[in-house]
Amino acid sequence: MRRKQAEIATDPVAFEAFYRRHVDAVTRFLARRVDDPHTVADLVAEVFVAVLDSAQTYRSGLGSEIAWLYGVARNTLSAERRRAFRESRLADRLNGRRLLDSDDLVRLEERIDAESHARRAFEAMAELPEGERAVIELVALDQLTVAEAAQALGIRQGTARVRLHRARRVLRAVPFVMGGTTR
Amino acid sequence: MSFEERLLMELKTEVAARGERRRRTTVRRLFAGAAVAGLAAAAAVAVPLLTGTERPAYAVSENADGTIRVQIKEFRDADRLEGDLKRMGITADVSYTPPGKRCQSNRGRVLGGESATPEEWDKSPSAKAVRMTRHGIYIDPAHVAAGQTVVMEFAENDDQTSDEPQVRWQFVGLVIDGPVKPCVLVDDPLWYDVGGPEGQPPAGS
């Protein structure tokens, strides 16, 4: 199965299937965190390039595709926030915003608006310690299970559950945060 | 066409380019017989079809430049091969593994580290010390210090007659500094990856 997953980096047909399965989820994931459509477009491109770079790290036996992908997306986003991604040569070549037309911009802005509750919830979470914030983001906002969130973050399920519990205690008053599953 | 479709087209171009690079790498790897680091720095070379049927299981000879050439004819007599190499001043650990299996990595401290890319591996001390070529395996004693062991692992396919593309045998060569743990067999998922387009062995191999 590891080989099958690595194929998405070298086989255009396998990659297209993977892309179509997940491009919407990735776009929404980013729209919950970034409110500028150009940046969202850049990041969608960047996440899928990162998928190509790290396809061999995926192990199908160890959890879901989306959890792995959200893990990649989180790393891409923090790289962007550190601005490190601008140093990547590929990012210069494959720059998402160059591909946007005005219809796309409208659609992306709608998506971003639709996720405005989530972004407000992020602001409320800003005070939490990083480890707890990461778990509650993935569970309450991205709708991963606790097991998937643990996989995305590379931590143990028990650790994820404890952090989720602590974060919820702090954020009891914030709408949205109590959603998500506890499995 | 939407942004998502345009992005998909660009990404597919990139995927195709990567697939092409990977195929080229595979061809180069087979020709040079050099090493690719698979899981944790294993230098693995998949060699399709070996037809030699001459007797002794292997031949060891010393070249004018001080390197030692090992030609494996049959995958047996590993202990005797280790003894012959020992007499030539090389501590070696030779394992013949069944098809689809390999030795678990983590057998010791691999020279060249647990590094990854074929390019890095080609420059590592392990690759300098033990190299696979079309004429056999070359061991360079100048790159094997005291206390270091040349580790060679071979896997053989039972089916040497099929016309189907398949891995006939596979070689891992590296140098471990310090103690070497015994070979623990694990499944080798790469065994079924014969490389090349449509699973055909690359041309010329």
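Predicted model: local features only at pLDDT ≥ 70, side-chain atom pairs only at ≥ 80, totals over all residues.
Reader: Which residues in H2(A) meet which residues in H4(A)?

Author: His22(A), Ala25(A), Val26(A), Phe29(A) and Leu30(A) of H2(A) meet Ile66(A), Leu69(A), Tyr70(A) and Ala73(A) of H4(A), where a contact requires two C-beta atoms, placed from the backbone, to lie within 7 Å. By class, this contact of H2(A) with H4(A) comprises eight nonpolar residues, one polar residue and no charged residues. Residues are numbered from 1 along each chain as its sequence is written, and chains are lettered from A and ligands numbered from 1 in the order in which they are written.

Reader: What makes H2(A) oblique to H4(A)?

Author: The two helices pack at an angle of about 45 degrees, with their axes 11 Å apart. That angle makes H2(A) oblique to H4(A), since angles under 35 degrees count as roughly parallel, over 145 as roughly antiparallel, 65 to 115 as roughly perpendicular and the rest as oblique. The axes are lines fitted to C-alpha atoms, for helices over the stretch in contact, and the angles run from 0 to 180 degrees between N-to-C directions. The crossing of H2(A) and H4(A) is right-handed; that word applies if the near helix is turned clockwise from the far one by less than a right angle, and left-handed applies if it is turned anticlockwise.

Reader: How many helices and strands does chain A have?

Author: Chain A has ten helices and zero strands. Helices (H or I, at least four residues) and strands (E, at least two) are DSSP runs, numbered from the N terminus. Of the 183 residues in chain A, 40% are buried.

Reader: Why does Asp42(A) count as buried?

Author: Asp42(A) has 24 C-beta neighbours inside 10 Å and therefore counts as buried. A residue is buried if 20 or more other C-beta atoms lie within 10 Å of its own, exposed if 12 or fewer, and partly exposed in between. Asp42(A) belongs to helix H3 of chain A. Asp42(A) and Arg97(A) are 55 residues apart in sequence, yet their C-alpha atoms are 5.4 Å apart in space.

Reader: How does the reach of H8(A) compare with what is expected at 1.5 Å a residue?

Author: Helix H8 of chain A, residues 130–141, has twelve residues and reaches 15 Å from its first C-alpha to its last, close to the 16 Å expected. The expected span is 1.5 Å times one less than the number of residues. H4(A), with 17 residues, reaches 24 Å, close to the 24 Å expected.

Reader: Is H8(A) mostly covered or mostly uncovered?

Author: H8(A) is mostly covered, as nine of its twelve residues are buried. Among them are Glu132(A), Ala134(A) and Leu141(A). What covers these buried residues includes H4, H7, H9 and H10 of chain A. H4(A) has buried residues too, including Trp68(A), Gly71(A) and Glu80(A), and their cover includes H2, H3, H8 and H9 of chain A.

Reader: What makes H8(A) oblique to H9(A)?

Author: H8(A) and H9(A) pack at an angle of about 130 degrees, with their axes 9 Å apart. That angle makes H8(A) oblique to H9(A). H8(A) passes H9(A) in a right-handed crossing. Ala134(A), Val135(A), Leu138(A) and Val139(A) in H8(A) meet Val146(A), Ala149(A), Ala152(A) and Leu153(A) in H9(A). The residues of this contact divide into eight nonpolar, no polar and no charged.

Reader: How many residues does the contact take from chain A and from chain B?

Author: The contact takes 20 residues from chain A and 17 residues from chain B. On the side of chain A that touches chain B, H1, H2 and H3 each supply at least two residues. That side of chain A divides into 13 nonpolar, two polar and five charged residues.

Reader: Why does Glu153(B) count as buried?

Author: Glu153(B) counts as buried because it has 22 C-beta neighbours inside 10 Å. Glu153(B) lies in strand E9, residues 148–156, of chain B. Leaving aside neighbours within four places in sequence, Glu153(B) is in contact with residues including Ser95(B), Arg102(B) and Cys183(B).

Terms used:
Nonpolar A, V, L, I, M, F, W, Y, C, P; charged D, E, K, R; others polar.
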